Amino acid sequence: MASKVIQAIYNDDDVLMLAVKRVKEAHHHIEEIYTPFPVHGLDKAMGLAPTRLAITAFMYGCVGLTVAITMMNFIMIEDWPQNIGGKPSFSFIENMPAFVPIMFELTVFFAAHLMVITFYMRSRLWPFKKAENPDVRTTDDHFLMEVSLNDNEDELTRLLVDTGAVEVKVSEKH
Amino acid sequence: MASHYEAPIREPLVTGEKSYHDVTVDVAAPVEGRANKQWWIVFSIALVAFLWGLGCIIYTVSTGIGVWGLNKTVGWAWDITNFVWWVGIGHAGTLISAVLLLFRQKWRMAVNRSAEAMTIFSVVQAGLFPIIHMGRPWLAYWVLPIPNQFGSLWVNFNSPLLWDVFAISTYLSVSLVFWWTGLLPDFAMLRDRAVKPFQKKIYSLLSFGWSGRAKDWQRFEEVSLVLAGLATPLVLSVHTIVSFDFATSVIPGWHSTIYPPYFVAGAIFSGFAMVLTLLIIMRKVSNLEAYITRGHIEYMNKVILLTGGIVSVAYITEFFIAWYSGSNYEDYTYLSIGAATGPYWWAFWALIICNFIVPQTLWIKKLRRNYMWSFIVSIVINIGMWFERFDIIVINLSKGHLPSSWTMFSPTFVDVGIFLGTIGFFFVLFLLYARTFPVIAQAEVKTILKSSGERYKRLREDGNSLVGTGADSRTSDIVGTTKENLDQDTKNNS
């Protein structure tokens, strides 16, 4: 793999989108794109696989529901059944309607928190993590595309400048 | 690109000649600038109120609940009123960020950050009241499902008060991560602009190292969407469960099947009122007039009109049923002829005037687009919604099944002090937030700038292409190869 990348900076999202299409057409490998805001359709244009975080949220929600049912069944039915205001607590199904609110809340609790934790882990986001955007302007109004370099610096520079990059420079890959 | 199209008839959501860089600068300005005198004055007042409230809380906990005005008949009063009031206010934030996201309402982007901050800060205030009311707050962990050996028996999962524990803690924590996830790119923007090392350190820490990769954004958008999908039923469930505290009891006036939808509508009603109160001031003080426009105020007033209408229908229903039932016990419920003419007539009419009559003025377009009137109405609704909960709790309890125990409630200075204290605490938090956090979701606003910004709408209507119009001369200090010097090189070489 190439150890060097060429960084092209754009100052418009539409120009960037057109550039991505041209770079892909010319069969260059786009390593990464840093943008200040989500550019609609960029992931598809780059050929990124769809994220599976929503599926994990569903599974975490199922875990939450299971935890809620198991916990309330153990506490209210198995371990210490009580007669509370004459309400039946002798079998789970008789007592179940009173458990619905907490079954719902724990489903949401597990799905939301575990999905967000998964997102933070997958995208490597946590306190004291160092930011990795190569240029500070990419959180303001600039867009940075990194293309891997294979002894074709001149050709690539020409192509990238042609697509409307305002700056092109070669950098070590990190 | 064509995807930026928005009907010309729609009011622009960002007014003025704003570029992407302008959004950055405008959102960062309140954080990077210094606090002015007014900020310090308001902050000091809020801090004093907070400290006064803290003193009252310490007095309550060290002496006992007897320092409140509660009596044998009215065993719940200001504490639960304040609790429900604050939880209700805490409903607008997640509604704006979740429900309006699902409905693709773009105007939410200018207000969602502050509304969510308001949500979190007001749920914090709400949570204080049940804990203080326990009398022994150091045993608050007894509400958790822990085995009998730790002190109490297992908690009772049949109790709506326990459902509240789960609902409110889920709501608070999910709102917090929703808010924080949305904040990461904006903290990253502040981090990358910071020049002072200390500021840079703080915002690096807060932004969790956000770098804005394409894959991060793809996940970010998916997470936002799924969280919105989860938070939408969550926000509806929270006030439903709060209403169960009353509706599952047998007290006349509380035992009512319309409580859940009616409470949820009332919560959104009061939450939007508080958002308006805060943002009408904030847009001026923080110079955000271009982002929180007259149109935004009008959209929020329309939500108030809708939810206020739902609440009004509920009032009429309750009033009618109290009369139609023919039951003596229903004569003195909080919406009845007995309440309207009895000793609590003032609380009854405060509710009707503030929540039912005054908001109707918003049907007039001129009034709902007027900042001053919107501000006044929002304050009136805040007061009215406090009275709604006061009426539900105190009026209903004051005249129960046993006439010999009928009595009135009068608060002590401690009741008043704790309430004022939470208002102070809320404003302390909100004022600190307004000076240190990006108060507008700037990354999201940038995504709609080309479709809904005034400048871009005009460019498009004039038949211009928007390709390349994101450039800003102030941010392009060129290092490295550019088209000009590449052409120059080629020329020199040949």
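## Helix packing within chain B

In this predicted model, helix H2(B) passes helix H15(B) in a left-handed crossing. The two helices of chain B, H2 at residues 37–63 and H15 at residues 413–436, pack at an angle of about 140°, and their axes lie 6 Å apart. Because angles over 145 degrees would count as roughly antiparallel, the arrangement of H2(B) relative to H15(B) is classed as oblique. Sorted by class, the contact of H2(B) with H15(B) comprises 21 nonpolar and six polar residues, with no charged residues.

## Domains and sheet of chain A

Chain A is divided into two domains: domain 1 covers 4–50 + 133–172, and domain 2 covers 53–122. Taken over C-alpha atoms, the centres of domain 1 and domain 2 of chain A are separated by 46 Å.

Chain A contains an open sheet of four strands, ordered S2-S3-S1-S4 with antiparallel pairing. Strands S2 and S4 of chain A form the edges, each pairing on one side only. Direction ignored, neighbouring strands of this sheet are turned by 20° against each other on average. Four bridges join S2(A) to strand S3 of chain A (residues 143–148) in the antiparallel sense; Ile33(A) has Met145(A) in S3(A) as its bridge partner. Helix H5(A) packs on the sheet, where H5(A) touches S1 (4–10), S3 and S4 of chain A, and the direction of H5(A) makes about 15° with that of S1(A).

## Interface between chains A and B

Across the interface, 72 residues of chain A are in contact with 71 residues of chain B. On the side of chain A that touches chain B, the elements giving two or more residues include helices H1 (13–25), H3 (53–79) and H4 (92–122), together with strands S2 (30–34) and S4 (167–172). H4(A) gives the most to this side, with 17 residues. By class, the residues on the side of chain A that touches chain B divide into 42 nonpolar, twelve polar and 18 charged.

## Helix packing between the chains

H3(A) packs with helix H8 of chain B (residues 214–247) at an angle of about 35°, with 9 Å between their axes. H3(A) passes H8(B) in a right-handed crossing. On H3(A), the contact is made by Leu53(A), Ala54(A) and Ala57(A); on H8(B), it is made by Arg219(B), Glu222(B), Val223(B) and Val226(B). By class, the contact of H3(A) with H8(B) has five nonpolar and two charged residues, and no polar residues.

Definitions and conventions. Residues numbered from 1 in each chain as written. Chains lettered and ligands numbered in written order. Predicted model: local features only at pLDDT ≥ 70, side-chain atom pairs only at ≥ 80, totals over all residues. Axes fitted to C-alpha atoms, helices over the stretch in contact; angles between N-to-C directions. Parallel < 35°, antiparallel > 145°, perpendicular 65-115°, else oblique. Left-handed = near helix turned anticlockwise from the far one by under 90°. Nonpolar A, V, L, I, M, F, W, Y, C, P; charged D, E, K, R; others polar. Contact = placed C-beta atoms within 7 Å. Domains from an automatic or database assignment. Pairing = 2+ DSSP bridges.
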